[in-house]
Amino acid sequence: MKYLGNVDFLKSQTAINFTGFVFISITFFYLGKHWSDGSRQLIFFSRQFPSDTIASSPSIAISPNLNKDFNISALINTSEPETQPKPDASVKTSPEIKSYGIVDENGTMSDEFEIGEFDPDLVDNWGNGTEIEAEAEKEDFRFTFRVKKFGLCEESMREYIPCLDNVVAIKRLKSTERGERFERHCPEAGKRLNCLVPAPKGYRTPIPWPRSRNEVWFNNVPHTRLVDDKGGQNWISRKGKDKFMFRGGGTQFIHGADQYLDQISKMVPEITFGRHIRVVLDVGCGVASFGAYLLQRNVITMSIAPKDVHENQIQFALERGVPAMVAAFATHRLLYPSQAFDMIHCSRCRINWTRDDGILLLEVNRMLRAGGYFAWAAQPVYKHEEVLEEQWEEMFNLTTRLCWNLVKKEGYIAIWQKPFNNTCYLSREAGTNPPLCDPDDDPDNVWYVDLKACISQLPENGYGANVAPWPARLQTPPDRLQSIQIDSYIARKELFGAESKYWNEIVASYVRALHWKKFKLRNILDMRAGFGGFAAALIDNRLDAWVLNVVPISGPNTLPVIYDRGLIGVMHDWCEPFDTYPRTYDLLHAAGLFSIERKRCNMSMIMLEMDRILRPGGRVYIRDSLDVMDELQEIAKAMGWHPALRDTSEGPHASYRILICDKRLRCG
């Protein structure tokens with residue numbers, strides 16, 4: 001009976017459920033043990049598609065087949081090749097969208113992204129050889145060549161300025177008595193720079209501003225001639241073995257530039273630095289201490305000097321973080337517009353202003369703003385030797401015929417003021433020299449234009465004379481905006497304002513997302529400046545940097561507007577090299593440059609020139625059309641730059657991109 005009771009229990013529902021549970025557990029345990037062999041973990045990605053109606057963030061799930069091994073050899077037919085079905089031509093597939101920016105939570109592209117830190121002290125082992133690849137086009141039986149890697153130039157070229165160091169062209173000059181050898185003589189096509197200019201041995205990341213005003217690394221500009229020649233005048237001195245020191249002195253102001261500037265302000269109280277005097281030209285600047293100390297008075301100075309016996313003076317100025325260019329008063333107009341400078345200064349600049357009927361002083365007159373000042377500190381002003389007194393008499397007579405007013409002569413400084421209008425010019429006696437220039441002469445036409453021994457008349461409408469005081473003039477549309485030859489579908493003032501707003505928003509995003517204030521940017525070149533909106537935006541965003549605004553000859557001449565805003569700039573043709581030393585700039589900015597200049601210039605030559613003038617550790621921002629980016633990236637990589645392509649805030653469908661490149665220190 002007991003046995004029969006047990007049989008009835010086994011037939012009960014509880015026993016059946018228990019037996020089924022045990023059987024299933026043993027089965028799963030056996031299968032799990034059988035398929036487990038330590039195989040790799042499989043991961044599946046879930047993604048929201050455009051058709052999804054519920055927004056969800058991307059998620060990651062672990063495959064249920066984790067640690068399982070499958071034998072799928074039986075499923076593969078090895079006797080027949082694998083074939084893929086032909087795509088249905090009637091089904092349209094959307095093109096692949098390459099995204100180089102950051103998508104925000106709303107699915108739109110934004111410039112507000114963060115990037116990793118960049119170490120400017122990183123060194124690339126680059127080597128010296130140039131590598132070239134040949135590509136054959138079978139249909140046309142043609143070969144094309146591209147440079148896969150540019151090699152380093154010879155060590156002797158580490159300070160090479162192509163258009164000023166063209167020894168072959170200089171030897172061919174018929175005459176050099178007027179300074180022709182200091183002017184531009186660019187290499188012929190086929191003989192231009194095709195390698196990467198090396199840095200000096202021991203080169204270091206430049207000392208940041210404002211410390212760099214007073215000291216720079218010796219190995220960055222390893223030249224001691226100025227120390228030997230000018231050390232006693234407080235120009236420059238050595239500090240140990242690794243630094244140069246700058247005491248702020250000059251030949252005519254050995255006690256310091258600050259005291260000298262105070263003296264000028266006391267002589268002429270109307271010279272209010274940082275208000276009505278904002279943009280200054282310093283001729284024969286030495287190591288640019290005059291301009292360096294004006295910066296703290298809200299004055300920006302273009303310091304110029306030729307590459308002469310003191311050939312590294314401009315290089316020292318740039319290493320200090322002071323605006324400077326290699327330029328000379330010789331036979332051509334300087335590359336600045338008419339009425340550019342509120343004040344022009346010459347302290348022992350060794351220029352004979354009265355030669356050739358005063359043609360050099362007439363160039364000063366062209367560039368000096370109506371009502372502007374010319375300050376001359378030189379021996380003829382204060383010494384009473386017979387020869388020097390004759391030189392003063394010649395200078396005084398010439399300036400009188402130019403209608404300049406000698407405002408003050410005190411100690412070793414004489415200061416003149418240019419007239420505000422043409423009244424004095426038109427009231428001179430007939431036959432007075434120098435004559436007025438022809439009415440059809442354009443005083444703003446400067447690219448390879450000869451000097452003219454005539455007086456450039458001032459505009460009858462007063463354009464250029466009535467600029468607002470600083471800092472209001474930075475955002476005030478100047479009168480000369482109306483004289484710029486441009487095709488404008490909207491009012492010029494609205495165009496001016498739109499450009500300013502555009503760059504202010506972009507620079508603000510650079511400062512916020514790309515941490516520009518951490519980069520210690522100081523020397524900046526805007527390669528296609530327009531009205532100077534990019535430079536103005538840097539000032540508005542309080543970056544302690546200066547910008548040289550370049551206006552290419554291929555576009556409208558907007559330089560007068562740039563100077564009327566209280567900024568500095570220069571005319572240039574990017575098909576030719578630029579007149580500055582290697583390793584001048586911390587940042588090169590080019591907006592819309594290559595899509596225009598590629599029609600007339602070799603893009604590789606422009607990029608090689610950019611590499612020459614960019615400091616190791618420097619950066620390049622190219623904002624241009626998408627169709628030039630592939631070529632620019634190839635060139636950048638061939639030069640050893642580290643490029644990254646990003647979308648603009650308009651998103652991946654926009655026709656423009658931003659190419660950001662880092663240059664590292666290269667060693668052979």
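This is a predicted model: local features need pLDDT of at least 70, side-chain atom pairs count only at pLDDT 80 or more; totals for chains, interfaces and linings use all residues.
1. Residues are numbered from 1 along each chain as its sequence is written, and side-chain values use heavy atoms, with hydrogens and water left out.

2. How many disulfides does a search of the whole structure find? The search turns up 6, taking a disulfide as a pair of cysteine sulfur atoms within 2.5 Å. If you count the bonded cysteines along the chain, the pairing reads 1-4, 2-3, 5-6, 7-8, 9-10, 11-12.

3. One of the disulfides links C153 with C195, S to S 2.0 Å. The pair ties distant parts of the chain together: C153 sits in the loop between β7 (142–149) and α3 (167–171), C195 in the loop between α3 and β8 (215–217), and they are 42 residues apart. (Helices here are DSSP runs of H or I with at least four residues, strands are runs of E with at least two, and both are numbered from the N terminus.) The torsion about the S-S bond is 105°, and the link of C153 and C195 is right-handed. Both C153 and C195 are buried.

4. C163 and C186 make another disulfide, with their sulfur atoms 2.0 Å apart. C163 has 1% relative accessibility and so counts as buried.

5. Is the disulfide of C346 and C349 left-handed or right-handed? The torsion about its S-S bond is about -80°, so the C346 and C349 link is left-handed. Its S to S distance is 1.9 Å. C346, at 0% relative accessibility, counts as buried, and C349 does so at 11%.

6. Now a helix pair. Helix α16 (residues 603–613) packs on helix α17 (residues 629–638) at an angle of about 45°, with the axes 10 Å apart; axes are lines fitted to C-alpha atoms, for helices over the stretch in contact, and angles run from 0 to 180 degrees between N-to-C directions. What does that angle make them to each other? α16 and α17 are therefore oblique, given that under 35 degrees is roughly parallel, over 145 roughly antiparallel, 65 to 115 roughly perpendicular and the rest oblique.

7. As for handedness, α16 crosses α17 in a right-handed way (right-handed if the near helix is turned clockwise from the far one by less than a right angle, left-handed if anticlockwise). On the α16 side M603, S604 and M607 meet E631, L632, I635 and A636 of α17. The contact residues of α16 with α17 divide into 5 nonpolar, 1 polar and 1 charged. Contact means heavy atoms within 4.5 Å; Ala, Val, Leu, Ile, Met, Phe, Trp, Tyr, Cys and Pro count as nonpolar, Asp, Glu, Lys and Arg as charged, and the others, Gly among them, as polar.

8. Worth a look if you check omegas: the W209 to P210 peptide bond is cis, with omega about 10°, and P210 belongs to the loop between α3 and β8. N433 to P434 is cis as well, with omega near 0°; P434 falls in the loop between α11 (423–426) and α12 (492–513).

9. Some residues other than glycine have positive phi. N298 has phi near 60° and lies in the loop between α6 (289–294) and β12 (300–305); at 44% relative accessibility, N298 counts as partly exposed. D357 also has phi near 60°, but its place is within helix α8 (residues 355–367). At 62% relative accessibility, D357 counts as exposed.

10. Finally, how many residues of helix α7 (residues 313–320) are buried? The count is 8 of 8, which leaves α7 mostly covered. Its buried residues include Q313, E319 and R320, along with I314 and F316. Just after α7, G321 takes a positive phi of about 90°.

Notes:
Buried means under 20% relative accessible area, exposed over 50%, partly exposed in between (1.4 Å probe, protein chains only).
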